[in-house]
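This report describes selected side-chain contacts in one protein structure. The sequence and the model are shown first.

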Amino acid sequence: MGAGVDVGRAALRRLWLPAAVAAPAAFLAVFFAYPLGAIVARGLGESGSVALGEETLRILWFTTWQAALSTVLTLAAGLPLAWVVGRFSVRGRSLVLAGVLVPFVLPTLVVAAAFSSLLPDRLDQSVWAILLAHAFFNVAVVVRVVGGYWAELGSAIPDAAAVLGAGPLRRLREVTLPLLAPALAAAASLTFLFCFTSFGVILVLGGPPAATLETEIYNQAARLFELRTAAALSLVQLAAVAAIVLVTSRLESRLAGRRRASRWGALRRPAGRERTAVALVLTLSVGALSLPVIALVDRSLSTGDGVGLDFYRVLAGETSVLLVTPLEAAVNSLLFAAAATAVALLVGGLLAVALSRRGPSWLDGLVLLPLGASAVMLGFGYVIAFDEPPLDLRASVVLVPLAQALVAAPFVVRILAPELRAVEARLREAASVLGASPNRVWREIDLPLAARAAGVAAGFAFAIALGEFGATVFVAQAERPTLPVAIFRFLGRPGAENQGIAAALAVVLALLTIAAATLSERVGRGRSAL
């Protein structure tokens, strides 16, 4: 009898991993591979030839080196703030963590326009403008990923190094940075991917001389109607992204053996010179991140008669731009984002559980591929692939949250998988020896330890879904627009009133993001204490 039970448990352990992978694999196959394959097949199946010569190589080279420089600049800008939120318990820490998400979720066209108005004429329409805007958008990735990892390092090892005579720089170089290496690799790879596939920033701040693969795909598909060339460029971009994630996965696999020194609870109040350093970092970081947002707020309050709330009052009424009121678009965004977050947590959570049972590998990189696909081509793919039975979803509202979940799920995996890998194997083994089933082991050991990361992942997923634009603009129904789609439509209309309403909607989007991120941080922190 006991032997039969043991055999049954062993069979369960062998079967649960394929079962955990099957659902997210099916999701990615249907809602990523299928539509992307449909648009590529449609483009490459057309008659004619595709010439991808020196100009394509030039665009690929510019796309690569601007993404690399943007990543370095983002790390330089984000690491000091990650140090503050990862090491110290300071007043307003949760608000800072929520506030850094605001640039990440705002529509790129809106913030790029704000940057254009803030920068001097010599820097506008330049590579420097692109680099600064990319750092502004992606600093949240560094702060949230590295800062969250840093918070769990503890101070035992750095303190021991200090007792042995190591100075601050040596402790940073030989102790802290090696311990942070997995988080740094994850943040750098994500940042590079976002900069490599950047669209709105390049379009507004770069101009024709600074074309990237993504902007050239848009130019070929939407302006010149050269779908074949756009499809070929999409394949080039997807191949480049696949190579990038393969390299970063190999790097992370070499760092996988490094464990954290302690669990959550290492935050402390700054003392001595640390107070000055923390105050300086917070002042400079918050000030730099606030400038474009302040520009948006100023534009939303600037009316023809001075300063007022005229543009905000319009949000509750009907306009000639939308079929619904702007506030209804905000409600749509919240509902779609909530559904997308649930799907992303389910899909990403299952993948994270499966990946946590093995070291980092090419599978970790594979989950990032949806982030590297052209949003333009993916949007066209949804229109083509889901326009006939058995997947006739064009008239359904489910395409919007599914498209948003596709973008958010990789973040869930990247946040949850390292936390689950950090769970000591002996805890699971001890529970199994005492008779706990695999489900009970997961429920009573893995889940409580990963609860805080799940809260952070939920906040990230919700914020990303709120601000997703690339695919949503193609599949959102006219009577159910989201906030980014509404902002885009108002920006596309001439007149100071339309520009002011767009700015007011962007401010509403920023406030919703702060509220969602703050709530998820508190829920995650509260559950981690259980």
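Phenylalanine 386 is buried, with a relative accessible area of 0%; here buried means under 20% relative accessible area, exposed over 50%, and partly exposed in between, with a 1.4 Å probe and protein chains only. The structure is a predicted model, in which local features need pLDDT of at least 70 and side-chain atom pairs count only at pLDDT 80 or more, while totals for chains, interfaces and linings use all residues. Residues are numbered from 1 along each chain as its sequence is written, and side-chain values use heavy atoms, with hydrogens and water left out.

**Aromatic pairs**

A search of the whole structure gives ten aromatic pairs. Rings of Phe, Tyr and Trp (its six-membered ring) are paired if their centres lie within 6.5 Å; planes under 30 degrees apart count as stacked, over 60 as edge-to-face and the rest as tilted. One of the pairs joins tyrosine 34 to phenylalanine 386 in an edge-to-face arrangement, at 5.9 Å centre to centre and 65° between the planes. Tyrosine 34 belongs to helix α1 (residues 2-44), whereas phenylalanine 386 sits in the loop between α17 (375-385) and α18 (399-421), so the pair ties together parts that are 352 residues apart in sequence. Helices are DSSP runs (H or I, at least four residues), numbered from the N terminus.

Phenylalanine 62 is buried at 8% relative accessibility, while tryptophan 65 is partly exposed at 27%.

A single aromatic cluster is formed by Phe27, Phe31, Tyr34, Tyr382 and Phe386.

**Nonpolar core**

In soluble globular proteins, nonpolar side chains tend to be buried together. A nonpolar core is a set of buried Ala, Val, Leu, Ile, Met, Phe, Trp, Tyr and Cys residues joined through side-chain atoms within 4.5 Å. The largest such core has 139 residues, and those with the most contacts inside it are Val146, Met377 and Tyr382. Tyr382 is also a member of the aromatic cluster. Methionine 377 touches residues including Leu36, Ile39, Ile217 and Ala221, not counting residues up to four places away in sequence; contact means heavy atoms within 4.5 Å.

Alanine 112, in helix α5 (residues 108-118), is buried at 0% relative accessibility. With residues up to four places away in sequence not counted, alanine 112 touches Gly200, Val201, Val204 and Leu205. The C-alpha atoms of alanine 112 and proline 292 are 8.8 Å apart in space, although the two residues are 180 apart in sequence.

**Salt bridges**

Side chains of opposite charge can pair when their charged atoms come close. The structure holds two salt bridges, each defined by a side-chain nitrogen of Lys or Arg within 4 Å of a carboxyl oxygen of Asp or Glu.

| Salt bridge | N to O distance |
|---|---|
| Aspartate 310 and arginine 313 | 3.0 Å |
| Glutamate 479 and arginine 480 | 3.8 Å |

Aspartate 310 and arginine 313 are both in helix α13 (residues 310-314), three residues or about one turn apart. Aspartate 310 is partly exposed at 35% relative accessible area, and arginine 313 is exposed at 58%. Glutamate 479 is partly exposed at 40%, as is arginine 480 at 34%.

Definitions and conventions. Helix = DSSP H or I, 4+ residues; strand = E, 2+ residues; numbered from the N terminus.
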